[in-house]
Amino acid sequence: MSLKLHLLLLWSLFYGIPAFAQQTAFPGAEGFGRFASGGRGGTVYHVTHLNDSGPGSLRDAVSQPGRTVVFDVAGVIRIREKIVAAPKITIAGQTAPGTGITVYGNSISFSSNTIIRYIRFRGSTGMPRGGCTVIADDLQDIIFDHVSIEWGRWDNLHIKNSRRITLQYCLIGEGIDPQRFGALLENPVDITVHHCLWTGNQSRSPKAKARIEYLNNVVYNWGKSAFVGGHSATNHYQDLIGNYFIAGPSSSEEFLSMFTATDHVYHRDNYADLNRDGKVNGRLVTNADFNRQNATLVSRPSVIPGSNVAITPAGEAWKKVMSEAGCSLRRDAVDRRIIGYFKSLGRKGRIFRTEAEAGGQPEVRERLSKRRDRDGDGIPDRRETANQLNPDDATDAAAISPTGYTHLEHYINSLVR
């Protein structure tokens, strides 16, 4: 073995970075969580109704590892107790008809090697006081893509002691009482947050006690503060590039908060727009903004060299966030309202104490899929016939297609851009 290859393998083992090319979770997956394989090659589970439990429910679907979850129904799944998902799961929310799936009422926690796409998770005042809507603790390799995460009581999102994580094109907003916070990141290593909308949170968008790259995000209408440093004795590393902080009616002037000398910050091309005039015309965030927070500025990025996100200028990225963030294949009424606040560019928006104050979770009529799938492999009969697959053979869905994905993955990936 050559010295160069030997060193590459040692680097891979030490930092947990793959030494050779791997299959990404789906086309367009970026960041540290991009190699999650989810339920690839495993079984297919059809969610067939909106009940909280029982065969055909989402709770049952994620109870066993090695599954790709597809949806034959659209609407609101009202959960009374927390859902605990097994590892090696793919949740393909884009397979649902109509406006898709909303999980409402309590928390969901995830495990290692998971892919979650195009779905909404909303907590409520009915869950415990310290409840977070989505939890991704003590795991590795997970990617959230086009996911809406809202109405958490402590934080909307909690990630602790995990590694290789991506949140891309997500909407994290409207945390409710008692804290009304966006996200607490407690010591995750190698976490990518890019092209996400953080909105209507009192603070913690996010609180980054982390080794994090925070790229091309928008924080809109924060309350007391927006991006919060690690603020502890532990060393943290935060690379911030191409983000836009846009104040709304609820916002203070404090878009950065609670950094200490143990926060090692690399920043460039970040903007703060504090004038609430309905236009995006912010000023460049400077070293002085971070110095006032006592952060340690570094001249080179700490986290970005291990990742692959295509970063664009902040002046372009905010438009993409407005178009794509959240479960945007077909946005529901709640997300349309939230995006409407953002579109006012400073003039509209509120921070709510309860989901009822925000209008609550609207009733959505259950809608069933019209796609026929005789063998139950997750691929509609018409699609199988068009691609020389057998609509009566469920085993062909797990076979690898020329794209490098299974035939099932190739199909579910084709449903979105």
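**Reading the terms on this model**

Q: Which residue just after helix 5 takes a positive phi?
A: Leu345 does, with a phi of about 55 degrees. Helix 5 spans residues 333-343. Helices are DSSP runs of H or I with at least four residues, strands are runs of E with at least two, and both are numbered from the N terminus.

Q: What kind of model is this, and what limits apply to its values?
A: This is a predicted model, in which local features need pLDDT of at least 70 and side-chain atom pairs count only at pLDDT 80 or more, while totals for chains, interfaces and linings use all residues. Residues are numbered from 1 along each chain as its sequence is written, and side-chain values use heavy atoms, with hydrogens and water left out.

Q: Why does Cys132 count as buried?
A: Buried means under 20% relative accessible area, exposed means over 50%, and partly exposed lies in between (1.4 Å probe, protein chains only). Cys132 has 6% relative accessibility, so Cys132 counts as buried. Cys170, at a relative accessible area of 0%, is buried too.

Q: How many disulfides does the structure hold?
A: The structure holds 0 disulfides. A disulfide is a covalent bond between the sulfur atoms of two cysteines. The test used here asks for a pair of cysteine sulfur atoms within 2.5 Å. For Cys132 the nearest cysteine sulfur belongs to Cys170 and is 16 Å away, and Cys132 is in no disulfide.

Q: Why is His49 called buried?
A: Its relative accessibility is 17%, so His49 counts as buried. His49 sits in the loop between strand 1 (43-47) and helix 2 (58-61).

Q: What makes the approach of His49 to Asn51 a polar contact?
A: A polar contact is a pair of N or O atoms within 3.5 Å; within protein, one must be able to donate a hydrogen and the other to accept it, and residues adjacent in sequence count only if both atoms are side-chain atoms. A polar atom of the His49 side chain lies 3.0 Å from the backbone nitrogen of Asn51. A polar atom of that side chain also lies 2.8 Å from the backbone oxygen of Pro55.

Q: Which residues is His49 in contact with, leaving aside neighbours within four places in sequence?
A: They are Gly54, Pro55, Gly56, Ser57 and Val73. Contact here means heavy atoms within 4.5 Å.

Q: What makes Trp198 and Tyr214 an aromatic pair, and of which kind?
A: Rings of Phe, Tyr and Trp (its six-membered ring) pair if their centres lie within 6.5 Å; planes under 30 degrees apart are stacked, over 60 edge-to-face, and the rest tilted. Trp198 and Tyr214 are 6.4 Å apart centre to centre with 40 degrees between the planes, and the pair is tilted. Trp198 lies in strand 15 and Tyr214 in strand 16 (residues 207-215), 16 residues apart.

Q: Why is the pair of Tyr214 and Phe227 called edge-to-face?
A: Their ring centres are 4.8 Å apart and their planes stand at 70 degrees, so the pair is edge-to-face. Tyr214 is buried at a relative accessible area of 1%, and Phe227 is buried at 0%. Ring pairs link Trp198, Tyr214, Phe227, Phe259 and Phe290 into a cluster.

Q: How do you know that strand 6 pairs with strand 3 (residues 73-78)?
A: Two strands pair if DSSP finds at least two bridges between them. Strand 3 and strand 6 are joined by 4 bridges and run parallel. Gly75 stands opposite Ile101 in strand 6. Strand 6 also pairs with strand 8 (residues 114-122), in the parallel sense, over 3 bridges.

Q: What makes both faces of strand 6 (residues 101-104) count as covered?
A: Ile101 and Val103 on one side, and Thr102 and Tyr104 on the other, are all buried.

Q: Which residues touch the most other members of the largest nonpolar core?
A: Phe110, Phe144 and Leu167 do, in a core of 62 residues. A nonpolar core is a set of buried Ala, Val, Leu, Ile, Met, Phe, Trp, Tyr and Cys residues joined through side-chain atoms within 4.5 Å. Another core, of 23 residues, lies apart from it, and includes Leu197, Met322, Ile339 and Leu345.
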